[in-house]
Amino acid sequence: MTERTIKVEVKRQSGPDAKAFTETFEIPYRPNMNITSLLGEIALNPRAINGAESTPITYDSNCLEEICGSCAMLINGKAMMACSALVDKLLGAVEHGQKPDLSKTITLAPLSKFPVVRDLAVDRSVLFENLKAVKAWVPIDGTYDLGAAPRQHPQIQEERYPLSNCISCTICMEVCPQFNDVTGFVGAATIAQTKLFNMDPAGSVLKEERLRALAGDGGIQECGFAQNCVQACPKQLPLTEAISDIGRDVFIQQVKDFFTH
Amino acid sequence: MAAAPRIIVIGGGLAGLSAVIKIAEAGGTVDLFSIVPVKRSHSVCAQGGINAAKDLKGEGDTVLKHFDDTVYGGDFLANQTPVKNMTAQGPAIIDLLDRMGVPFNRTPEGLLDFRRFGGTLYQRTAFAGATTGQQLLYALDEQVRRFESEGKVKKYEGWEFLSAVLDNNGVCRGICAMDLRSMETRTFAADAIIVCTGGNGAIFGKSTNSVVCTGSAQSALYQQGAFYANGEFIQVHPTAIPGEDKLRLMSESARGEGGRVWVPRDKNDKRAAQSIPEPDRWYFLEERYPKYGNLVPRDIATREIFKVVYEDGMGIDGQPMVYLDVSHLAPEKQHKLEGILEIYEKFVGDDPRKVPMKIFPGVHYTMGGLWVDFNQQTNIPGVFAAGEADYSIHGANRLGANSLLSCIYGGFVAGPQAMAYTKNLPAQVGDGGHAAELKRQNEKNSALLNNKGTENPFKIWRELGENMTKHATIVRYNAGLDEADAKIVELLDRYKNVNLSDKSQWANTSFAFTRQLYNMLELARVIVKGARLRDESRGAHYKPEFAERNDERFLKTTKAAFVDGAPSISYEEVDTQYITPRPRVYTSS
Amino acid sequence: MAAIAPPAPASNPHSGSKRRGVQPLRAGQGHDFLLRRLHSLTGLLPIGAFLVEHIVSNYEAVNGPLAYAQQVKFLNGLPLVRVLEWAFIFIPLAYHALYGVYIGIRGRSNVNVYPWAGNWGYYAQRITGYIAFVYICYHLYSQRFSGVSLPEHPGAAFHKVQMELQHPLILSAYVIAMVATCWHFAYGIWLFAAKWGITPGNVARKRFGYVCAAVGSGLCVLGLIGMFAFLNPKYANAPDDVMPEQPAGIVLPAPNVAPAGSTNPSQPGEVR
Ligand SMILES: Cc1cc2nc3c(=O)[nH]c(=O)nc-3n(C[C@H](O)[C@H](O)[C@H](O)COP(=O)(O)OP(=O)(O)OC[C@H]3O[C@@H](n4cnc5c(N)ncnc54)[C@H](O)[C@@H]3O)c2cc1C
Ligand code: HEM
Ligand code: HEM
Ligand code: SF4
Ligand code: F3S
Ligand code: FES
């Protein structure tokens, strides 16, 4: 029996300034593969389709269960998490038991809005910088035993929890038409985190500072409400709701500041 | 020491971040090294919750009961002093996390909600939805980001710890690390270092752990003279979703709600699971344990599934898999399992509400680790360890939801203790061994890059994983362990012949992996050797040839030292001053 | 199985050079927020309100040349009309239009990759904005700043528009512009509410979407009816100016018969 294989076309780049090129690999097919296992298969036998010796592909991954946020990349042109992207589905088998179409090629490319480190790995540290800029933390007094925290209604927890699920994958930024070099937009994730901390009873002491930060250039005003973020977010964060709420709060803060400063 | 102490923390999981926070808060400065951005550390994977005896449910839970449950659950192998301290600090740690903004689930009155976990009778586990580890890690990450923005912490994300820098007296004076982007190797001076590099599931190939959980850092330190303790204790979770690249946890609650484990009676049955009629299904747990059925304790379930697959050859399609079936459950019950069923659906592509899930036990947690004293210091002066990377809390078996607590506790002890240690540290003589260590690591690197062999490192790793999973996980036989060790020795030999297809000097991940692989091989020997010598059954370590616990010979901590290139095992008494060991019997699930 | 490969590193604290890629938030710096909110506000209030007024006024054409002329005359007779016009129409419009183009060219639309409804809305807001831009430039030139000056000769308005709409290309441009502007305005109201936090919830946004769609379609239909009134065969040969300036001293007799079908009692009719 001849081995069934699938073709994967990978956009590669040996370094930040190197020229990009594509390389096609042919990989033995097994049911239930995901993109990370497929990349592992290439590492096991790094040989391009024409038989030429190649090298394992550089990419980010860690948890392999869509919780660490490492493995975002463009799969067939769309931003997705590689570990939760199933090969069978990409090959057209939407329902269980359907046969995937092995003649289709899967294409992999790095996220397009972030500087490429190498191959599929990109530098997404801008998100962490943005989180610093909005002070996305609760400024506690200290870690010693200061007794229980104030009580909090379950409703607040229910509203905060989904926002706290953000895995910093940056997909919401990648898919946002406003997130680019020219606008320097912060992106939806940071706005959602601002809401998360503003909602915390203790975290809200920094509320005004966060709102002022978000009124800076590249701030919340750059959002054109394209809503791609909320569609693409792998963790289904209520991003447009957060943008709306924070948009109002930032405006009110600006008006207040105008009259008091 | 005159100047402010310089401390390096390696690892940005819960343990590492806890240590960083304590040091920064006390006015120290910290360099934090992590392979992955700290927010992507393995701790994000934890789902269930974190234990602390806050007794908010009026059940009369106490710290002492938590202490007892932990020691009993660990089959009395844990030193009792640190366990006692940890459980005592539990409630304060939960309060702290709450103050940091962790979105813990709440009662209608606005208090913390608690759920019950395995190994206890009390509702002692605080939780934030089904992503507690993620929420805790983020809370600590945010605090560290705050200190970072205040200049108290400097992060070296994307740097890999290679080894400690030791001076002529064997005192730690810093670390040698590699920038995984520029592949540059450098040494960094420090008065003390804290190693919080997590577990070592990758040694078993596939596990529920994350990719960076290779145990490489611990192994490197072991090869530099640190003791590695209780290496043979590896927790295997009964129900994980076998994946092409990883085993994803399927929580026990699936069985709690009525899920049933079975395989086809005929091993050649090729029918789709749903169409196999009831009489052709073998509910082996229910058959063998009529009283507890599918809810037998974790280790028993794990062993039974293992036997069905490997001894009876009854795995589905000859694969190491059995069915975990919730498709017969009423929709309300299925709804309670929504979160975990979605994970299955997402990764397997089948709807577990209609199709039985395919599951298999998966390597889950490393009870063993770097040997530390009660101050979290290893036997190398100036090297501290905390979290899953040390061995201190869980003995022979970890209770669910105790690990997150032990990580934070460990970091909270290690940080201040490291600060205290630096106060009396004599000044360094000469360069403290920096030049020599850098040279040693650079030589290793160039040797690897210039190797002209034929072995693919990923193939060696795959064989290591298969070998370890087969012989050193659920059921262990001395003959098998001998075989396993021989295989590792063979792999170490083949490693000499390893060939890197990628010899570039920029973000070369396979190079970094190949370096880690060597350390995995050395640590694998520790696990196998420890298991080979421990002729008893205790906690996660089960030998059918020695099915009983043997306190007389083995109520002892295994300590492995790297002597002449091989593990040399010695034993140390266990601190049992508070609770006298008693038999561990499962009277209920 | 062999999926392991240590993740590629993230940021390197030692690469001292300027960071690549999208820059971090300039927290609290600059005035973009103000300018952007102003853009939003101008779109809704002066310009949006004008559009409604304009379409309603133009609808008067349904009642014939004289009625339309009266309407134009009425508007031009408002006190301080030139000041109002500049303050509430031209300047805000110029700001909204120019800043709108600036906003538009800074975005990187990607509907080709992510063809989702919201993304189409985003894209359409830019396209309709550009259409409105080109159209309004032309329209202002042809109706306001060239040919007969309507503020001085309100009676010539009907004929002027009628002549303009004779050419099928111009006519279709007017139709396209009308649809585009109404779309832009209607979606603009929706955007305004979403961005200013008036409709934060998904349900609120959805319901308000229906409201905006109704407003937009209503306006569009009204506008198109008004536009085709100029081509009504009944008025095919409307005089150049229904209110020619009268030589001094000559008083026209007051009309005594209302025009056929007029519902407006004050509308001047024929002299019989
Ligand atoms: C699926 C799953 C579910 C779990 N659920 C629970 C639960 O519900 N409750 C519970 O209590 N426990 C649970 N656990 C266990 C718990 O998650 C872990 O034990 C704990 O998170 C370990 O934290 P850590 O800080 O020790 O290490 P990790 O979080 O693993 O962090 C290790 C850090 O070290 C870094 N690192 C590693 N090697 C190097 C190196 N050489 N150089 C530099 N940096 C390095 C990594 O980058 C990382 O930052 C679960 C575990 C799994 C796998
Ligand atoms: C003349 C050319 C015009 C251009 C280039 C233009 C451009 C734009 C753009 C790009 C936006 C989206 C802004 C964003 O997404 O942040 C916008 C919004 C809007 N426009 Fe225009 N527009 C024009 C004319 C008009 C006209 C004539 C009206 C009114 C009838 C109008 C009303 C609005 C409204 C209400 C909004 C929503 C405000 C907001 O974004 O919050 N625009 N316009
Ligand atoms: C049915 C279609 C339309 C007709 C018949 C029409 C007709 C006219 C006429 C006759 C004038 C000159 C009025 C004057 O000078 O006093 C005018 C002015 C103007 N029109 Fe239109 N128009 C139409 C559609 C539009 C649209 C869709 C817009 C977009 C917003 C628009 C914007 C303007 C502006 C800004 C002016 C100048 C306003 C002023 O002079 O105060 N028009 N239009
Ligand atoms: S908001 Fe969603 S898409 Fe954006 S970074 Fe967070 S998880 Fe990713
Ligand atoms: S896609 Fe972008 S434009 Fe706003 S609504 Fe989302 S951030
Ligand atoms: S590897 Fe963690 S999200 Fe994919």
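## Chain B and its domains

Chain B splits into domain 1 (6–234 + 365–423), domain 2 (239–362) and domain 3 (433–549). Keep in mind that this is a predicted model.

Let's start with domains 1 and 3 of chain B, whose centres, taken over C-alpha atoms, are 24 Å apart. Their contact draws on 45 residues from domain 1 of chain B and 40 residues from domain 3 of chain B. Together, domain 1 and domain 3 of chain B bury about 3,500 Å², with 62% of that on carbon and sulfur atoms.

What about charged pairs? Two salt bridges turn up across the interface of domain 1 and domain 3 of chain B. Arg549(B) makes a salt bridge with Asp75(B), and their closest N and O atoms are 2.5 Å apart. Between domain 1 and domain 3 of chain B there are also 18 residue pairs in polar contact (both at pLDDT 80 or more).

As for which elements take part, β7 (159–166), β8 (172–179), β9 (185–189) and α5 (216–223) of chain B each give two or more residues to the side of domain 1 that touches domain 3 of chain B. The largest share of that side comes from β7(B), with six residues. Sorted by class, the side of domain 1 of chain B that touches domain 3 of chain B has 23 nonpolar, 16 polar and six charged residues.

## Chain A and its two domains

Chain A is divided in two: domain 1 (5–121) and domain 2 (124–260). The C-alpha centres of domain 1 and domain 2 of chain A lie 32 Å apart. Here 15 residues of domain 1 of chain A are in contact with 14 residues of domain 2 of chain A. The area buried between domain 1 and domain 2 of chain A is about 1,200 Å², and carbon and sulfur atoms give 58% of it. Three residues stand out: Glu66(A), Lys113(A) and Phe114(A) supply 48% of the area that domain 1 of chain A buries against domain 2 of chain A, more than any other three residues.

Domain 1 and domain 2 of chain A share two salt bridges. Arg124(A) and Asp60(A) form a salt bridge, with their closest N and O atoms 3.6 Å apart. The same interface of domain 1 and domain 2 of chain A has seven residue pairs in polar contact (both at pLDDT 80 or more). β3 (72–75) and β4 of chain A are the elements giving two or more residues to the side of domain 1 that touches domain 2 of chain A. β4(A) has the largest share of that side, three residues. By class, that side of domain 1 of chain A has nine nonpolar, three polar and three charged residues.

## Where chain A meets chain C

Now for two separate chains. Between chain A and chain C, 66 residues of chain A are in contact with 50 residues of chain C. The area buried between chain A and chain C is about 4,900 Å², and carbon and sulfur atoms give 56% of it. In chain A, Asp217(A), Gln221(A) and Phe225(A) lose the most area to chain C, together 14% of what that side buries.

Chain A and chain C have 22 residue pairs in polar contact between them (both at pLDDT 80 or more). Which element gives the most to the side of chain A that touches chain C? α9(A) does, with nine residues. By class, the side of chain A that touches chain C has 27 nonpolar, 24 polar and 15 charged residues.

How many salt bridges are there between chain A and chain C? The count is three. Here is one of them, next to the two named above.

| Salt bridge | N to O distance |
|---|---|
| Glu222(A) and Arg106(C) | 2.4 Å |
| Arg549(B) and Asp75(B) | 2.5 Å |
| Arg124(A) and Asp60(A) | 3.6 Å |

Thr131(B) sits in the loop between β5 (123–126) and α4 (132–149) of chain B. Is Thr131(B) buried or exposed? Thr131(B) counts as buried because its relative accessibility is 13%, and the cut-off for buried is under 20%. Leaving out residues up to four places away in sequence, Thr131(B) touches Ile67(A), Tyr161(A), Asn165(A), Ala46(B) and Gln47(B). With one of these, Tyr161(A), the side chain of Thr131(B) makes a polar contact of 2.7 Å, side chain to side chain.

Methods. Residues numbered from 1 in each chain as written. Chains lettered and ligands numbered in written order. Predicted model: local features only at pLDDT ≥ 70, side-chain atom pairs only at ≥ 80, totals over all residues. Heavy atoms only, no water. Contact = heavy atoms within 4.5 Å. Buried area = accessible area lost by both parts, 1.4 Å probe. Salt bridge = Lys/Arg side-chain N within 4 Å of Asp/Glu carboxyl O. Polar contact = N/O pair within 3.5 Å; in protein donor to acceptor, adjacent residues only side chain to side chain. Helix = DSSP H or I, 4+ residues; strand = E, 2+ residues; numbered from the N terminus. Nonpolar A, V, L, I, M, F, W, Y, C, P; charged D, E, K, R; others polar. Buried < 20%, exposed > 50% of the residue type's maximum accessible area, 1.4 Å probe, protein only. Domains from an automatic or database assignment.
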